Amino acid sequence: MKTKIVLDAHFDMLLDVLALRRRGEHAVLERRFLPGFRSAGINAVVCSVFILDELVPEGALRNALDQISALYADLEESASFRLCRSVRECRAAADDGRVALFLSLEGAEPLGRDILLLRVFYELGVRLLGLAWSRRNYVCDGVSFEAEAPASSQGSLTDFGRELVAEACRLGMVIDVSHLNDAGFREVAHIVKVPFIASHSNCRALSSSPRNLADWQLESLAAAGGVTGMNAYGPFAAEERSARTPEALLAHLDYVVRRYGVEHAGLGLDLCACLLAINAGYIGEGNTDLFKDHADAGERFIKAVRERYKEDEADAILGENFLRIFEIVMGG
């Protein structure tokens with residue numbers, strides 16, 4: 001019997017790994033993160049390389065490489081983890097009792113406008129490419145967090161962006177449209193001929209944040225064979241603070257499953273309240289996640305998914321849907 005894969009498609013933990021190792025800590029993955037993953041039953045995680053605003057543009061490349069270097073160093077001390085470049089490696093890691101890690105760029109800022117750098121990151125193990133965070137770069141415009149985005153941030157992909165998407169697809173990298181604005185999303189849906197993902201986006205019909213996906217986007221994503229990962233950041237689950245509960249997130253999941261099919265839903269919990277960067281006041285509002293950590297999410301949300309859906313449907317939502325796309329795009 002093969003090991004069940006439970007995959008969180010978006011976790012900003014590399015900033016912590018880098019910061020803590022710079023403070024002299026070792027085996028950060030093993031000591032800081034493994035207990036929560038084990039408690040939740042999570043055995044596969046997409047680690048995003050996120051660049052703080054203050055480092056853009058000049059420091060983006062250096063910081064991205066620093067984050068990946070810190071991960072490689074920590075993997076030498078954290079035997080319970082394995083960096084994976086394919087679904088085959090992911091399943092082998094899970095069968096061996098280890099947590100499989102995939103690498104993703106959350107925004108193309110580290111590339112600047114140099115297409116050759118994409119191959120460098122690919123060789124370092126990056127297999128997913130988030131085109132944007134919620135700001136403008138040389139590739140595209142990110143979606144605004146505000147209800148009314150300025151007209152200057154409503155453009156589609158740039159010429160460089162189209163070149164980058166084509167090269168990423170040629171290499172076998174999964175395109176991620178979370179944080180991409182609507183015009184850019186529409187163009188990706190038109191030009192990408194393989195399934196793509198929204199790693200951590202909910203349904204705009206249920207919570208009107210522009211960071212969530214409108215019905216036409218969810219329909220386009222499903223038509224392409226893609227998956228959206230349910231995001232546990234409170235404002236994306238419900239507009240009213242009092243309504244930001246695990247049940248609200250389950251409503252987003254049910255919406256996707258009912259309207260577009262169980263094969264197009266996954267987990268992208270985006271649990272970043274633990275980040276040193278946030279706790280230091282650099283980004284975000286602090287702890288507005290629905291769950292305090294992965295252990296809490298496992299106890300309250302992942303458990304609820306298994307109780308709410310049939311076994312094969314729950315397995316699809318909790319991991320197999322994203323792995324299907326990874327296998328198609330990455331190969332092997």
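Modeller: Asp 8 stands opposite Val 45 in β2, and Val 45 in turn stands opposite Leu 101 in β4. Before going further, please note that this is a predicted model, in which local features need pLDDT of at least 70 and side-chain atom pairs count only at pLDDT 80 or more, while totals for chains, interfaces and linings use all residues. Residues are numbered from 1 along each chain as its sequence is written, and side-chain values use heavy atoms, with hydrogens and water left out.

Strands here are DSSP runs of E with at least two residues, and helices are runs of H or I with at least four, both numbered from the N terminus. Two strands pair if DSSP finds at least two bridges between them. Strand β1 (residues 7-11) runs parallel to β2 and is joined to it by three bridges, and β2 also pairs in the parallel sense with strand β4 (residues 99-106), over six bridges.

For cover, buried means under 20% relative accessible area, exposed means over 50%, and partly exposed lies in between, with a 1.4 Å probe and protein chains only. Six of the six residues of β2 (residues 44-49) are buried, so this strand is largely enclosed by the rest of the structure. The cover reaches both faces, with Ala 44, Val 46 and Ser 48 buried on one side and Val 45, Cys 47 and Val 49 buried on the other. After α1 comes Gly 24, which has a positive phi, near 100 degrees.

Rings of Phe, Tyr and Trp (its six-membered ring) pair if their centres lie within 6.5 Å, and planes under 30 degrees apart count as stacked, over 60 as edge-to-face and the rest as tilted. By this rule there are 11 aromatic pairs. In one of these, the ring centres of Phe 37 and Phe 81 are 6.2 Å apart and the planes stand at 65 degrees, so the pair is edge-to-face. Phe 37 belongs to helix α2 (residues 28-40) and Phe 81 to strand β3 (residues 81-83), so the pair ties together parts that are 44 residues apart in sequence. Both Phe 37 and Phe 81 are buried. Phe 185 and Phe 196 also form an edge-to-face pair, at 5.8 Å centre to centre and 75 degrees between the planes. Here Phe 185 sits in helix α7 (residues 182-191) and Phe 196 in the loop between α7 and β7 (197-198), 11 residues apart, and the pair links these distant parts of the chain. Phe 185 counts as buried at 0% relative accessibility, and Phe 196 is buried with a relative accessible area of 0%.

Phe 196 touches, with contact meaning heavy atoms within 4.5 Å, Ile 175, Val 177, Leu 221 and Ile 325, among others, not counting residues up to four places away in sequence. The C-alpha atoms of Phe 196 and Gly 225 are separated by 7.4 Å, although the two residues are 29 apart along the chain.

Finally, the whole chain gives the setting for this part. There are 13 helices and nine strands in the chain, and 61% of its 332 residues count as buried. Among contacts with a separation of 6 or more, 71% come from residues 24 or more positions apart. Taken along the principal axes, the C-alpha atoms fill a box of roughly 45 × 45 × 40 Å.
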